[in-house]
Amino acid sequence: MSPSPFIVEWIERVARERAANRRALDVAMGRGRHALPLARAGFLTFGVDLAFDAVRDAVTAASAAGAPINGWCADLTQHPLASSRFDLVIVSRYLQRDLFSALRAACAPGGVVLYETFTTVQRALGTGPKSPDHLLEPGELLRRFDGFEVLFYEEVSAPEAVARIAARRS
């Protein structure tokens with residue numbers, strides 16, 4: 001699967017505005033489709049996923065591409081994220097509601113969260129996730145980042161039904 005154009009665009013924007021020694025976290029990184037663009041943009045990149053094979057493949061591919069990443073296999077409900085650690089936190093095509101407070105806290109002051117995932121409208125399209133556990137309600141993503149400065153927000157229904165946010169922690 002190729003990287004999300006929304007995520008790639010915002011990686012580039014954040015990379016231009018942040019100073020050296022920037023840290024980024026790709027949550028549920030899978031095989032690293034966003035971790036590699038992060039590393040190429042100059043971020044010290046960390047990626048976490050529950051699937052060991054995916055983490056191994058992402059780390060190997062990034063190293064071969066000359067853009068190393070730090071990957072670890074973990075269940076974030078059992079191994080919490082460090083607070084105020086990352087200048088950029090990315091979550092794409094993944095929804096685990098009990099992680100929202102940890103994601104907010106992992107973002108350093110002035111850092112940005114990029115989040116993009118499916119909404120309940122996706123069910124009507126007949127593809128993708130169907131469980132309400134994996135679909136955002138209308139406006140839910142925006143509410144989850146209340147108190148952050150919203151740099152961009154949208155909910156679209158085609159070609160996929162997704163919500164996207166770029167939000168800065170004050």
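Which residue in β5 is the bridge partner of Leu88? That's Val112, and the views below show what surrounds this pair.

**View 1. The whole chain, a predicted model.** Here's a predicted model, where local features need pLDDT of at least 70 and side-chain atom pairs count only at pLDDT 80 or more, while totals for chains, interfaces and linings use all residues. Residues are numbered from 1 along each chain as its sequence is written, and side-chain values use heavy atoms, with hydrogens and water left out. You can pick out six helices and seven strands (DSSP runs numbered from the N terminus: H or I of at least four residues for helices, E of at least two for strands). The C-alpha atoms fill a box of roughly 40 × 35 × 30 Å along the principal axes. A compact globule of 170 residues would have a radius of gyration near 15 Å, and this chain agrees, with 15 Å (taken over C-alpha atoms; the globule rule is 2.2 Å times the number of residues to the power 0.38). Of the 170 residues, 45% count as buried, meaning under 20% relative accessible area; exposed is over 50%, and partly exposed is in between (1.4 Å probe, protein chains only).

**View 2. The sheet, strand by strand.** Seven strands make an open sheet with mixed pairing, in the order β3-β2-β1-β4-β5-β7-β6. Two strands count as paired if DSSP finds at least two bridges between them. β3 (70–73) and β6 (149–156) stand at the edges with a single partner strand each, so one side of each has no neighbour in the sheet. From one strand to the next, the twist averages 10°. In general, strands of a sheet pair through backbone hydrogen bonds, either parallel or antiparallel.

**View 3. Zooming in on β1, β4 and their partners.** β1 runs parallel to β2, joined by five bridges, and it also pairs with β4 in the parallel sense over four bridges. Look for Ala24: its bridge partner in β2 is Thr45, and its bridge partner in β4 is Leu88. Asp26 stands opposite Ile90 in β4. Six bridges then join β4 to β5, and those two run parallel as well. Four of the five residues of β1 are buried. In β4 it's seven of seven, so that strand is largely enclosed by the rest of the structure.

**View 4. Inside the largest nonpolar core.** A nonpolar core is a set of buried Ala, Val, Leu, Ile, Met, Phe, Trp, Tyr and Cys residues joined through side-chain atoms within 4.5 Å. The largest one has 25 residues, and Val27, Leu103, Tyr115, Leu141 and Phe145 touch the most other members. Elements giving two or more residues to this core include β1, β4, α4 (100–106) and β7. Apart from it lies another core of 14 residues, with Ile7, Trp10, Ile11 and Ala24 among them.

**View 5. Ile165 and its surroundings.** You'll find Ile165 in strand β7, and at 0% relative accessibility it counts as buried. Ile165 and Val113 are 52 residues apart in sequence, yet 7.6 Å apart in space, C-alpha to C-alpha. Beyond neighbours within four places in sequence, the contacts of Ile165 include Phe6, Leu141, Phe145 and Phe152.

**View 6. Some backbone details in the loops.** A cis peptide bond joins Ala158 and Pro159, with omega of about 0°; Pro159 sits in the loop between β6 and β7. Ala28, in the loop between β1 and α2 (35–40), isn't a glycine, but has a positive phi of about 55°. Ser84 isn't a glycine either and has a positive phi of about 50°; its place is the loop between β3 and β4. Ala28 is partly exposed at 24%, and Ser84 is partly exposed at 36%.

Terms used
Axes fitted to C-alpha atoms, helices over the stretch in contact; angles between N-to-C directions. Contact = heavy atoms within 4.5 Å.
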